[in-house]
Amino acid sequence: MVALFATVSLLACSSEPEVDTDAGTPPPDDSGTSEETDSGTEPVGEGIRFNPTVHIIDERGQGAVMQTGAWTDAPSPAALVPGGLPDGGVRVYPARHVGVEGYVVPGVPEGEYLLRFNDTLLVTDARQVELRSTMVQRPSLEWSVPTGTALDLRVSGLAPWRSSDILRLSSPNGSTPMEDLRLSTAEHFGGTLPTAGATGLDVRVSRFLSLLDGSKGDSLWVQQLSESAGIDGGHSFTRVVRSFHQPAVPLTPGTATSLDVALTGGTERTVSFSVDGAAFAAQLEATHPDAQGLGSLNWAIGARPGAEAFARLGSHPELAFASTSIDVPLAPYTVSFLDAFPEHWRRVAHVSSSTRVRLTSGGAAYQRTLVLQRADTLEGLVEAGTLAPRLGPVRNLRINGQDATAARSGVGTTPLVSWDPPELGTATRYFVRVTPLLQQGAGFTAGTSRTLLVTSKTEVRLPPGLVSGSHFVVTVTATRGAGTRSPHEGELPLDMAEATTGILSP
């Protein structure tokens, strides 16, 4: 889902949030295609309204609602109304920030428009739009970690260590970087891997990307993950086998703090399912005519703080996971793992598969990875039994009405992108992303691609500013469960499948 490291301010504050309020200034001319700005004549109390918020949930399941600020390096928030200009341009209606109530866009005529906010362009005709996101972390988290901040762990109670084992630190209050911090290489362990068969070790951990604070409710789980042979004829997997919980992280800024970690085992949970590799391979073949078959197939079971029905395509911190052989049509698993996380956390699971496609234009090539995924609650995984795709990629990608899977030139800077719905499943939203390509000798590399265009229809004309440079590709992602309430979050069960055009030139 979309990362939300944006400026946020508590909605409960009495003062106005510190967000960019220069919405009355016309957005910069970001392409050769015209934009026309309309200041609108409606009173501020009328028009389109939206309030971008982020709902932050900590490890205890408690939350805070904060308003997301407009990025200073992004075009100003606005509604873009297509049509009315001869070259495919848009009429721009700037948004006005009205405090804790969010934004209002006066003067926008009834009908379809694109709502622009930070890295999102939402195609909609709604007059009240929800732009809500959800993330796991402590609301007052600090991202500046002083040099020298470290934990000296004195670990005991290990299951006899094996070379493939992982020591994992998890503190969800520390946000994404601290959900699943793994120590698995010699570098992670100070230059030398733990001795085979060891039941204890000492290690200094200094790879903190956010500043944990036990006095503010940040706790720490330290766990040993170990590879397990298949149970009852099933395939092998990696799982949590030992766990330790420190209710308050004793982390002192700028210094190394010692912590005794006494790992213990416990009652394990067992689930059984199968992964249908052949079904994933069949759907990946439809992502592009030059798709190179099933390249990877992975699954994971994990735990997430909070019981709210928000979702993402991931399961960190993971309780068990595996990479399934791409040569096995149907891989059965019986999986046991230690689950020491709080009972009120949600247990989730996902399967991720990928293929590679080689795109060419004028003798230069670009290697692209395309992904197909599904996510469930753990109960949904068990009920399904066999895990196969529920949603396939879009079909017959077109640019200005012509086949878009081959290289094409002269498509313009505001082309019409269209497609047919997936053959498998029913998509609820489509995410469209334009990736600029930079040519270097006989190859292309991907440039920066920030803007995500979200629509429920099967065609969209790219607005000015998305296409830049001499070459680009368009990725259309079919989704089910993602972006149904808000373009920034989804609900389980969740499915997505990518498809790509060939290399295009304006």
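The following paragraphs lead through selected local features of a predicted model.

Residues are numbered from 1 along each chain as its sequence is written, and side-chain values use heavy atoms, with hydrogens and water left out. Because the model is predicted, local features need pLDDT of at least 70 and side-chain atom pairs count only at pLDDT 80 or more, while totals for chains, interfaces and linings use all residues.

The first topic is a sheet. Strands of a sheet pair through backbone hydrogen bonds, either parallel or antiparallel. Strands here are DSSP runs of E with at least two residues, numbered from the N terminus, and two strands pair if DSSP finds at least two bridges between them. In this model, four strands form an open sheet in the order 29-28-30-34, with antiparallel pairing. Strand 29 and strand 34 (459–461) stand at the edges with a single partner strand each, so one side of each is left without a neighbour in the sheet. Within the sheet, strand 28 and strand 30 (residues 416–420) run antiparallel and are joined by three bridges. I399 stands opposite V417 of strand 30.

The loop between strand 28 (395–399) and strand 29 (402–403) contains N400. Although N400 is not a glycine, its phi is positive, at about 55°. N400 counts as partly exposed because its relative accessibility is 38%; buried means under 20% relative accessible area, exposed over 50%, and partly exposed in between (1.4 Å probe, protein chains only).

Most residues other than glycine have a negative phi, and most peptide bonds are trans. S175, also not a glycine, has a positive phi of about 70°. S175 lies in the loop between strand 15 and strand 16, and its relative accessibility of 1% is why S175 counts as buried. One joins H316 and P317, with omega about -5°; P317 is in the loop between strand 22 and strand 23 (318–323). Another cis bond runs from L492 to P493, with omega near 0°, and P493 is found in strand 36 (residues 489–500).

The loop between strand 15 (166–170) and strand 16 (181–183) also holds S171. S171 is buried because its relative accessible area is 0%. Its side chain reaches the backbone oxygen of S219 at 2.7 Å. Contact means heavy atoms within 4.5 Å. Leaving aside residues up to four places away in sequence, S171 touches E59, M178, L212, D218, S219 and L220.

N298, in strand 22 (residues 296–304), counts as partly exposed because its relative accessibility is 27%. The side chain of N298 makes a polar contact with the side chain of S323 (2.7 Å). A polar contact is a pair of N or O atoms within 3.5 Å; within protein, one must be able to donate a hydrogen and the other to accept it, and residues adjacent in sequence count only if both atoms are side-chain atoms. N298 and A322 are 24 residues apart in sequence, and their C-alpha atoms are 5.8 Å apart in space. Not counting residues up to four places away in sequence, N298 touches A322, S323, H350, V351 and S352.

A pair of aromatic rings is described by the distance of the centres and the angle of the planes. Rings of Phe, Tyr and Trp (its six-membered ring) pair if their centres lie within 6.5 Å; planes under 30 degrees apart count as stacked, over 60 as edge-to-face and the rest as tilted. The structure holds 11 aromatic pairs. The rings of W161 and F189 have centres 5.8 Å apart and planes at 80°, so this pair is edge-to-face. The pair links distant parts of the chain, 28 residues apart: W161 is in the loop between strand 14 (150–156) and strand 15, and F189 is in the loop between strand 16 and strand 17 (200–205). W161 is buried, with a relative accessible area of 4%, and F189 is buried at 10%. Elsewhere, ring pairs link F50, Y103 and F117 into a cluster.

The last topic is R429, found in strand 31 (residues 429–440). R429 is buried yet has no salt bridge, and the nearest side chain of opposite charge, D125, is 9.0 Å away. A salt bridge is a side-chain nitrogen of Lys or Arg within 4 Å of a carboxyl oxygen of Asp or Glu; Lys and Arg count as positive and Asp and Glu as negative, with His and the chain ends not counted. Beyond residues up to four places away in sequence, R429 touches residues including L122, V454, T477 and T484.
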